[in-house]
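Colleague: I would like to learn how to read a model like this one. Please take me through it feature by feature.

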Amino acid sequence: MQRVALVTGGTAGIGAASAEALLAAGFRVAATYAGNRQAAEAFTERTQIPTFAWNVSDPVACKAGVAKVEAALGPVEVLVNNAGITRDAMLHRMTIAQWREVLDVNLSGCFNMCSAVINGMRERRFGRIINMSSVNGLSGQAGQTNYAATKAAIIGFTKSLALEGASRNITVNAIAPGYTDTAMVGDIRPDILEQILKSVPAGRLATAVEIARGVVFLAAEDAGFITGITLSINGGRYMA
Ligand code: CAA
C-alpha cells in the first residue's frame with residue numbers, strides 16, 4: 001500500500017530532503033510552497049514530486065489545498081508540518097509584525113494544516129503527523145523570542161494532539177533539528193554563525209538529509225507506538 005505524504009515548505013531545505021526521503025521510502029508525496037514558483041518547478045522537474053502553492057497561515061487556503069492534493073493523489077495519511085520562517089531580532093527591537101508573522105506561519109500554520117487533515121485521519125483510523133520544532137524551542141536563542149516561542153509551543157501542541165489521536169492510530173511527533181545547512185541558517189551573519197558552530201559538539205551543521213532521516217523514521221508503518229515525542233537531531237548541542 002502506497003500512503004500519501006504531504007510536506008509543507010517541501011521544495012527547499014529540510015522540507016525538500018524530507019519529501020525526497022519519503023518518496024524513496026515508497027510514499028506518494030506532495031510538497032507545498034508559499035511563493036517561490038521557479039524553485040518549486042525546478043524541484044518537481046528534478047524529483048517528479050508534485051507541488052502545490054498556498055500559505056499555511058491561511059486556514060481557508062489550507063483546507064482548499066489539502067482537498068486539491070487529495071483529489072490528485074489520495075487521502076493524506078502522513079503530514080509533515082515543516083513550513084517555517086524566521087524574523088530574528090532582539091526583543092527590544094522586534095516589531096509586532098515580526099512577532100505576528102512568525103506566529104502565523106510557524107504555529108497557526110501547524111494548527112491550520114492539522115485541522116485540514118485530522119478528520120480524514122480519524123475516519124480512516126490512521127495518521128502520522130510530524131511537526132518541525134527546533135533546538136531553539138528547547139534551549140532558547142537570543143534574537144528569537146518569536147521563533148523559539150513557536151517551536152516550544154509546537155511541542156505542547158504535539159503532545160496534546162498525540163493524546164487525542166492515540167486511540168485512532170494517529171501518531172503525532174515533533175522533530176527538533178539543530179542548526180542545519182539550509183538557506184535559513186545561511187541568512188545568519190557569518191561571525192554569529194561561527195560562534196554558534198562553536199556550541200555544537202559535532203562541530204558542524206546538520207545536513208537536511210540527516211533531519212529527513214527522522215521524518216522517515218516517524219512516518220514508518222511500524223512507528224505506530226511512538227507518539228508525543230520530540231526527536232532531537234542536533235549534533236549534541238542541547239540534550240533535553
Ligand atoms: N546571547 C546573548 N546576547 C547576545 C547574543 C547571544 N547569543 N547575540 C547577540 N547578543 C547581544 C549582543 O552582545 C549585543 O549586545 P549589546 O547591544 O549590549 O552590545 C546585542 O545582543 C545585539 O547584538 P547584535 O549586534 O548581533 O544585534 P543585531 O541587531 O545586529 O542582530 C540578531 C540581532 C539578528 C538577532 C543577531 O544577533 C542574530 O542573527 N543572531 C542569531 C540568531 C539565530 O541563531 N537565529 C537562528 C536562525 S536559523 C534557525 O532558526 C533554524 C533553527 O531552528 C536552528
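Predicted model: local features only at pLDDT ≥ 70, side-chain atom pairs only at ≥ 80, totals over all residues.

**Reading the fold and the ligand site**

Modeller: Start with overall size. Residues are numbered from 1 along each chain as its sequence is written, and side-chain values use heavy atoms, with hydrogens and water left out.

Colleague: How many helices and strands are in the chain?

Modeller: Helices (H or I, at least four residues) and strands (E, at least two) are DSSP runs, numbered from the N terminus. The chain has nine helices and seven strands.

Colleague: Which residues come nearest to the ligand?

Modeller: A residue is near a molecule if one of its heavy atoms lies within 4 Å of it. Around the ligand there are 18 residues, and Asp 88, Arg 93, Ser 134, Tyr 147 and Tyr 179 come nearest. Helix H7 (183-186) and helix H8 (190-198) each give at least two residues to this shell.

Colleague: Where are the polar contacts?

Modeller: A polar contact is a pair of N or O atoms within 3.5 Å. The side chain of Ser 134 has an N or O atom 2.6 Å from a ligand oxygen. For the side chain of Tyr 147, the distance to a ligand oxygen is 2.6 Å. Arg 189 has a polar side-chain atom 3.1 Å from an oxygen of the ligand.

Methods:
Polar contact = N/O pair within 3.5 Å; in protein donor to acceptor, adjacent residues only side chain to side chain.
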